[in-house]
Amino acid sequence: MLRYLTAGESHGPELTAIVDGVPSQFPIDQDGLNHQLYRRQQGYGRGYRMKIESDQATITSGVRFGKTLGTPITLHITNRDWKNWQEKMAVFGEPPENLAEVTKPRPGHADLAGALKYDHKDIRNVLERSSARNTATLVACGAVARQILEQFGIRVFGHVVRIGSVVADIPDMPFVTFMERAEASEVRCVDPTAEQAMIAQIEQAKNDGDTLGGTFEIIATGLPIGLGSYAQPDQRLDGRLAGALMGFQAIKGVEIGMGFEVAERPGSQVHDEIFYQEGMYQRRTNGAGGIEGGISNGQPIVIRAAMKPIPTLYKPLQSVDMNTKEPYLASIERSDTCAVPAAAVVGEAVVCWTLAQAFLEKFAGDSFGEVKRNYDSYMAYLQSR
C-alpha cells in the first residue's frame, strides 16, 4: 500500500516525509521533484517567507542511482528560516526569558481548538504544525507519485478559476496550450483579462490588511477505466479525492465534474451518453468529471476545490487573550495575502498521490516491470471488450 508520513514545524530545522510502498525500479528525477517545490512557492500574493525559503528536497533513503529500491523513501526539506528561530523553537532546554508566548487565537485558524485539545498554553505549539508551510511535504510526496503516473502517460495539472469575486472565462484549447498558459500566469489563470483583475484584487486586499480565497481546478488525463470501486464507501475514487483535497489547509469545499450544478438540472442534461466508435467506448461530454460509481471511466478527471481566505489578517479580527480572558485583537503571524495559486499546486500533489495509490492497488507489483506487465495486460483486456 502506498502511504506517507510527514513531520516538522514551520520554523523548525526541517520538514520530513517518509514515503512507503513505491515499487522498485521506478526512475526518480531529483530536478523534477524540486521543480514541484519551486512551483508551490510561486504566485502573486505570496508573503515574505517565500523570499527566505528556496525549497529543495534531499532524498536520504530508498533510492539508488536514480531508481527506487522498493523500500521507504525519506525526503528532507530544510527550513532556512530556522536560523532565526533556534532559541524560540529549541528542541531541548528551558524557554528563553524573552520568549513571547502566543495567547491570542486567530479566528479561522486551528489556534484555539488546537490549544484546548492538546493543553497548550502557548499557541505557537499549535500554529507551527498547522501552518501551510507543511504543505511542502505534501508536494514532495506528490512529486514522487507524479513521476510514477507519468510512466503510464497520466498527467495532472491545476489552474485557478476564481480569486475573490473575479471568475475566469475558461477557453477551449488544446491541453498542452492550456497548461502552458496557466504555468506562465502569476496567478495560474488561463484568462489574461481575469488574471489582471485578480492581481488588482490581491493588491487591494493587501492594502486593506485583508486576505483573499478562491477556487482552483485539477485535471487528470490518461487514466484507464477501473481505478477505485463501488464495493465499499472508502474505496470510491471520488470520495478519496475529495478527502485528499479537504485534507490540507484552508480547503472548505470540493466539486467533481458538474459538482453542485447537477442539483439544478434534469438528468437528461447531466449524464454523459455512451457511444461505441473506432473499437472503443466513448463520451462526448464529461459532466461526471471522469468518475462514475466511484470508478474512473476513462474520461479526464475534473475536480475543483474552494480555498478560504488565509486567517492571518494584518488588520486582525476580534479575539480573546487565553490567559486573561480579556478581549484583544488576534495575533499576527507573517503570512500571505492570497495563496490560491500555490494551493492549486498542492492540490495537484494530493490528487497525484491519491491517483497513484489507486493505480498501484489496481496494478500491484513489487517492481516497475511487474506493474507495467499488469497494466499492459489490463489495457489489452479492455481493448478486447
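The legends below describe close-up views of a predicted model. Local features require pLDDT of at least 70 and side-chain atom pairs pLDDT 80 or more, whereas totals for chains, interfaces and linings use all residues. Residues are numbered from 1 along each chain as its sequence is written, and side-chain values use heavy atoms, with hydrogens and water left out.

**View 1. Salt bridge between Arg-106 and Asp-111**. The N to O separation of this pair is 2.8 Å; a salt bridge is a side-chain nitrogen of Lys or Arg within 4 Å of a carboxyl oxygen of Asp or Glu. Arg-106 is buried at 7% relative accessibility, and Asp-111 is buried at 0% (buried: under 20% relative accessible area; exposed: over 50%; partly exposed: in between; 1.4 Å probe, protein chains only). The structure holds 18 salt bridges.

**View 2. Salt bridge between Glu-348 and Arg-146**. The N to O distance is 3.5 Å. Glu-348 belongs to helix α9 (residues 340-362) and Arg-146 to helix α5 (residues 135-150), so the pair ties together parts 202 residues apart in sequence. Helices are DSSP runs (H or I, at least four residues), numbered from the N terminus. Glu-348 has a relative accessible area of 0% and is buried; Arg-146, at 10%, is also buried.

**View 3. Salt bridge between Glu-261 and Arg-265**. Here the N to O distance is 2.5 Å. Glu-261 is partly exposed at 32% relative accessibility, as is Arg-265 at 34%. Elsewhere, salt bridges with shared partners join Arg-39, Arg-146, Glu-183, Arg-188 and Glu-348 into one network.

**View 4. Packing of helix α1 (residues 30-40) against α9**. The angle is about 145° and the axes lie 8 Å apart; axes are lines fitted to C-alpha atoms over the stretch in contact, and angles run from 0 to 180 degrees between N-to-C directions. Gln-36, Arg-39 and Arg-40 of α1 meet Ala-342, Val-345, Val-346 and Glu-348 of α9 (contact: heavy atoms within 4.5 Å). By class, three of these residues are nonpolar, one is polar and three are charged (nonpolar: Ala, Val, Leu, Ile, Met, Phe, Trp, Tyr, Cys and Pro; charged: Asp, Glu, Lys and Arg; polar: the others, Gly among them).

**View 5. Lining of the largest cavity**. The cavity holds about 30 Å³ of space, the volume filled by probe spheres set on grid points joined across faces, edges and corners. A cavity is a set of points on a 1 Å grid over the protein atoms alone where a 1.4 Å probe fits but cannot get out, and lining residues have an atom within 4 Å of a point. The lining comprises Tyr-4, Leu-138, Cys-141, Gly-142, Ala-349, Val-350 and Trp-353: six nonpolar, one polar and no charged residues.

Terms used
Helix = DSSP H or I, 4+ residues; strand = E, 2+ residues; numbered from the N terminus. 1 Å grid on protein atoms, 1.4 Å probe; cavity = no way out; pocket = protein on both sides within 12 Å on 5 of 7 lines; lining within 4 Å.
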